[in-house]
Amino acid sequence: MSRPLDEVADAGKEAELDRMILAAALVATLLPGAALVFALRIRSPLLAVALLPTSSAGVLLAVATAAAPLGLSFSPALVGAVVGILLLVGVLRRLRSGLRWPTAKAHSFAPIAVGALGVLGGALLATRMWLRGFGGLDRVAQEHDMITHLLVVSYIERSGEAAPWLIRPIDLLTGDPVTFYPAGGHLAPALLSALGVGPVAALNATTVIYFAVCWVLSVAVLTAVVARRLSAGSGTAWLAAGVASLIAPALYRPGVHLMHDGGIYSGAVALCLAPSLIAALLLAADEPRARTAVGLGIGAGGILAIHPSSVATVAVTVAVWLVGDLLARNGGRRFLRTVPTLVGSGFVAAALAVPLLIQGSSSAGSTGSFDTGLSGLPLGDAIGSAIGLIYGGYLDPPRAIGLAGLTLLYLYGLIAVVRVGSGLGVVFAWAAWTLLTVSTMLAPGQGPARWVTGLFYNDMPRIWSHVSLFVPTLAALGVVLTVTAVVRALRGRFRSPLPTSFRAWPLASVLVLIAMAVLLAVPVQRAVSTNTGAVSARYATPDFVRIGPDDLAAVEFLRDRVAPGERVLNSANDGSTLLYVDAGIPIVNATTLGTGAAPYTFELMRSFDRYPEDPQIRQMLRELDVGWVYVDAEAPGIGATGAPEGWANPSVRFTTAPGLVDLDRKNLPGLTPAFRSGTVTVYRLDLNAIGPPA
């Protein structure tokens with residue numbers, strides 16, 4: 001049965017609006033970095049592209065940090081002014097030195113065209129995958145951690161406060177106390193939201209840009225760097241970058257897995273951007289100048305602001321990579337040229353991230369000692385899971401399905417790179433993270449590896465995701481190195497008077513294009529379909545509902561009824577957080593289990609229904625000016641491990657807060673139902689009728 005014309009028209013308008021929002025998200029996510037690169041006059045096109053994603057985050061961090069003490073709001077106008085200044089600096093520097101275009105090197109057009117087609121195709125494929133999984137940019141995420149991400153984006157937009165020491169406030173009305181939360185990945189969506197898009201659509205749009213466009217771009221530039229390390233030529237680099245870009249959307253990790261199994265947005269963004277920053281750092285020897293160190297340092301500060309664990313991702317990878325490069329010819333000379341620029345970039349990154357490091361130091365101990373509660377796997381299972389592209393997690397608990405074809409391809413690529421004998425850095429990096437993954441699977445949070453894995457909460461999916469950072473590169477090199485070897489063999493057997501470059505690269509490009517078509521038709525398309533379903537299970541067709549139509553109706557009911565200064569008592573494990581996100585209504589709880597920094601958060605969830613006989617509860621209600629109570633009788637279950645002061649039973653799934661259960665039957669004084677829709681009830685609380693003051 002066909003859809004009515006008005007539904008088709010509405011769907012078309014929604015799709016058009018989504019495309020416009022995505023375009024704006026692309027600008028917000030990459031333009032600040034592009035302006036910085038332009039101002040610094042980075043000459044290497046590959047280095048410039050590699051710096052774009054993380055340096056954008058670094059520029060936004062710098063603006064947010066400088067704005068707070070100056071009393072300025074973090075806003076599109078302020079960021080636009082800074083970007084304009086950077087562009088003006090770039091123009092003036094070019095005018096001063098004379099407008100000289102870089103000398104073009106002679107390259108065959110065919111590999112450039114195929115490589116560019118692969119990068120564009122991979123980005124479009126990944127974008128389409130995420131959009132289909134979302135079912136529209138206006139869909140609210142249902143996973144647990146997305147509660148925090150939406151609240152942070154909304155708070156930055158509404159308050160104009162984005163400096164590290166101001167994020168994340170427990171009391172959304174007063175802005176304190178503040179418990180540290182890395183918000184580097186929330187700055188771009190906050191800017192987009194402030195343009196009228198709204199927090200939900202803005203965060204979804206930047207999620208697509210980070211996990212589709214930036215992920216593919218990061219993989220492409222890292223692959224190009226590896227090809228250059230192999231002395232394989234620019235043609236090979238372009239072709240390999242194109243193949244890797246088409247493979248990238250097929251991988252379950254890092255983006256899809258971390259978003260599916262908890263909404264681990266910040267960690268996933270940092271991992272998706274890490275390959276580009278790693279590539280940029282490895283290119284330091286090609287342009288060893290102070291301005292390069294500044295660009296690299298701002299990029300490093302940016303990714304650190306997105307998630308502090310990225311310091312381990314980047315530092316471990318670059319360190320072992322450089323060791324691998326030492327085995328290559330002239331590796332020692334390259335190493336010596338690289339180190340000064342890296343040291344300089346480290347100082348720049350540290351200066352930019354000082355407020356972030358100070359604010360986050362208080363949570364470092366709890367992060368490293370986090371107990372996942374998981375037991376180890378058998379050795380064979382751990383090795384097979386780490387090396388093989390197994391899905392695992394909530395999508396595949398027994399770890400029984402995976403990408404066998406792509407696993408064989410990338411392992412073949414690994415062997416091909418080893419046989420070349422130079423550029424072993426990528427092999428060393430892959431091996432290091434594979435060993436760390438196996439160690440975590442065998443004994444989570446134990447042994448010497450815990451000094452690294454502790455930065456990732458000893459969480460297996462986060463550590464496991466690092467292996468996937470190198471898979472597209474290795475798989476692509478397996479394809480392209482084989483094709484170029486075949487072309488060389490054919491060229492040697494069938495000689496011709498035609499120029500070598502004319503014969504070789506078009507043939508190699510055609511063969512690689514055929515290989516890309518085969519990959520796209522079979523393993524990549526199947527994997528993308530699985531990934532789309534996984535994303536859809538948290539957005540378009542969710543397996544569980546935390547925020548649904550009943551919550552939307554409750555928000556509309558309260559939108560104009562909450563008086564200035566009033567708060568709504570809630571449990572953040574349900575859709576009540578949408579009150580602040582969508583309408584700016586202050587809520588008591590912005591974290592699902594409360595926080596020890598503000599004990600009233602969990603005390604009210606635990607004991608609100610005891611206010612008739614508990615004067616301390618009545619005092620809390622009056623001090624917070626609680627005028628409304630929001631309850632969802634069927635909130636989804638979450639683990640209660642780590643609840644402050646152990647107030648929630650960790651052996652039982654936490655759903656509706658115990659102090660908010662069965663309020664209708666308890667006949668509490670001053671509490672009357674004011675709105676009901678499905679399982680959601682909003683109560684009016686008369687503070688004058690709850691009992692005498694404490």
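## Terms and model

A residue is buried when its relative accessible area is under 20%, exposed when over 50%, and partly exposed in between (1.4 Å probe, protein chains only). Helices (H or I, at least four residues) and strands (E, at least two) are DSSP runs, numbered from the N terminus.

This is a predicted model, so local features need pLDDT of at least 70 and side-chain atom pairs count only at pLDDT 80 or more, while totals for chains, interfaces and linings use all residues. Residues are numbered from 1 along each chain as its sequence is written, and side-chain values use heavy atoms, with hydrogens and water left out.

Helix α15 spans residues 379-387. Its buried residues are Ala382, Ser385 and Ala386. Seen down the axis of α15, they fall within an arc of 95 degrees, so they line one face of the helix. The arc is that of the directions from the helix axis to the C-beta atoms. These buried residues pack against α17 (425-442) and α19 (460-468). Contact here means heavy atoms within 4.5 Å.

Helix α24 (residues 600-607) is mostly covered. Seven of its eight residues are buried. They are Tyr600, Thr601, Phe602, Glu603, Leu604, Met605 and Ser607. Their packing partners are β1 (567-569) and α25 (615-624).

## A helix pair

Helix α7 (residues 199-229) meets helix α10 (residues 265-282). Their axes come within 8 Å and cross at roughly 30 degrees. Axes are lines fitted to C-alpha atoms, for helices over the stretch in contact, and angles run from 0 to 180 degrees between N-to-C directions. The two helices are therefore roughly parallel (angles under 35 degrees). The contact of α7 with α10 involves 19 nonpolar residues, four polar and one charged. Ala, Val, Leu, Ile, Met, Phe, Trp, Tyr, Cys and Pro count as nonpolar, Asp, Glu, Lys and Arg as charged, and the others, Gly among them, as polar.

Most residues other than glycine have a negative phi, and most peptide bonds are trans.

A cis peptide bond joins isoleucine 167 and arginine 168, with omega about 15 degrees. Another cis bond runs from aspartate 176 to proline 177, with omega near -5 degrees. Arginine 168 sits in the loop between α5 (146-159) and α6 (187-197), and proline 177 is in the loop between α5 and α6 too.

Tyrosine 457 has a positive phi of about 60 degrees. Its place is the loop between α18 (450-453) and α19. Tyrosine 457 is partly exposed, at 27% relative accessible area. Asparagine 667 has a phi near 50 degrees, also positive. Asparagine 667 counts as exposed, at 66% relative accessibility.

Methods: Parallel < 35°, antiparallel > 145°, perpendicular 65-115°, else oblique.
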